Amino acid sequence: MEIQVDILEFQVPVEKNKTLFVWDIQRSHTEADIYNSLYIIFSSFGPLYLVKICPNSPLNPTGFYALIKFYSAIQASKAQRQTDGRSLFQSSPLKVRLCSKETPHFLADSCTPLSHAHCLELANHCLGFTGWTSHIITLKELTNNEEEEEGGVKRRLAFGCLLQLCFPHHRKMTRGAAVVEDSFTCTGADVLIQKRCKLKRLVREKALVQAFTTILLIQLGDGKVMVEVKQTSDQSLSDQAEGVLQVNELSWTDCPLDEIEEWNLTVS
């Protein structure tokens, strides 16, 4: 018996074999009810990236159609076979088809990372809430400059974060890093505190997303999930530069050379 194996990545799915179209949805339910019904039905086949409900065009009978994106092509195909022609949550049968349009060439090779919320959703769905952990190795304030201007003080803040992502049941571990910065007019201490909190949260989230992009989830036909870490040239360099914070999400051309030299990115 041949065992099906599918590989899930923490990237936005763009392949046509992961996308379903659902037609002939009646107007007997609200859009919210239709969304909930479709999400419950199709998420039973596997984690979903997107469920979108749209009204039919004026040239077609009144009603709705839906777009559903899976992370897994195997799960999308299984869902299509088992739901097509069934009424599911309404009185008449639905048409469920795999997308037949070719992926545009500018999207075919795209590797857009998932959002922070989608990363957590996919990891928790496949591995469970106790299947992974993360902790911050270092979170540093890299820049804190200010200059007087009309109406307040112009301030520039930058934070860097190095984070470790662990999968204890699979004995796998990886790291992610990010740098975020923002310039704003500081009109009071409360504005500065709020901005600091926001940037610290944002840099933690970006570092976690970056860590997840190095992970492959391998789904076996028996329902088991394996975790593997992608080997990249960046990881090889990081192994040779232990204790140094990698920098992402920052354009060095925007920073004066003298300021770059002042940043201390080592992990203490």
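These legends walk through several close-up views of one predicted model.

Residues are numbered from 1 along each chain as its sequence is written. Because the model is predicted, local features need pLDDT of at least 70 and side-chain atom pairs count only at pLDDT 80 or more, while totals for chains, interfaces and linings use all residues; side-chain values use heavy atoms, with hydrogens and water left out.

**View 1. The whole chain, before zooming in.** Of the 268 residues, 39% are buried, where buried means under 20% relative accessible area, exposed over 50%, and partly exposed in between (1.4 Å probe, protein chains only). Take the contacts between residues at least 6 apart in sequence: 67% of them join residues at least 24 apart. Contact here means heavy atoms within 4.5 Å.

View 2. The strands run in the order β3-β4-β2-β5, with antiparallel pairing; two strands pair if DSSP finds at least two bridges between them. At the edges sit β3 (48-55) and β5 (95-98), each pairing on one side only. On average, neighbouring strands are turned by 15° against each other, direction ignored. Helix α2 (residues 73-83) packs on this sheet and touches β2, β4 (64-70) and β5, with its direction at about 155° to that of β5. For these angles, axes are lines fitted to C-alpha atoms (for helices over the stretch in contact), and values run from 0 to 180 degrees between N-to-C directions. Look too at β2 (residues 19-25), which pairs with β5 over four bridges; Leu20 has Leu98 as its bridge partner there.

**View 3. Gln75, a buried glutamine in helix α2.** Gln75 belongs to α2 and counts as buried because its relative accessibility is 13%. Its side chain makes a polar contact with the side chain of Gln219, at 2.8 Å. A polar contact is a pair of N or O atoms within 3.5 Å; within protein, one must be able to donate a hydrogen and the other to accept it, and residues adjacent in sequence count only if both atoms are side-chain atoms. Setting aside neighbours within four places in sequence, Gln75 also touches residues including Phe45, Pro47 and Phe70.

**View 4. Rings that pair up.** The whole structure holds five aromatic pairs. Rings of Phe, Tyr and Trp (its six-membered ring) pair if their centres lie within 6.5 Å; planes under 30 degrees apart count as stacked, over 60 as edge-to-face and the rest as tilted. Phe21 and Trp23 are stacked, because their centres are 5.9 Å apart and their planes at 20°. Tyr71 is buried at 3%, while Tyr49 is partly exposed at 22%.

**View 5. Strand β9 and its two partners.** Five of the six residues of β9 (residues 215-220) are buried, so the strand is mostly covered. β9 pairs antiparallel with β1 (residues 5-9) over five bridges, and Glu9 stands opposite Leu216. β9 also pairs antiparallel with β10 (residues 225-229) over five bridges, where Gln219 has Val225 as its bridge partner. β9 and β10 form a hairpin with four residues between them, and Gly223 in the turn has a positive phi of about 95°.

Methods: Helix = DSSP H or I, 4+ residues; strand = E, 2+ residues; numbered from the N terminus.
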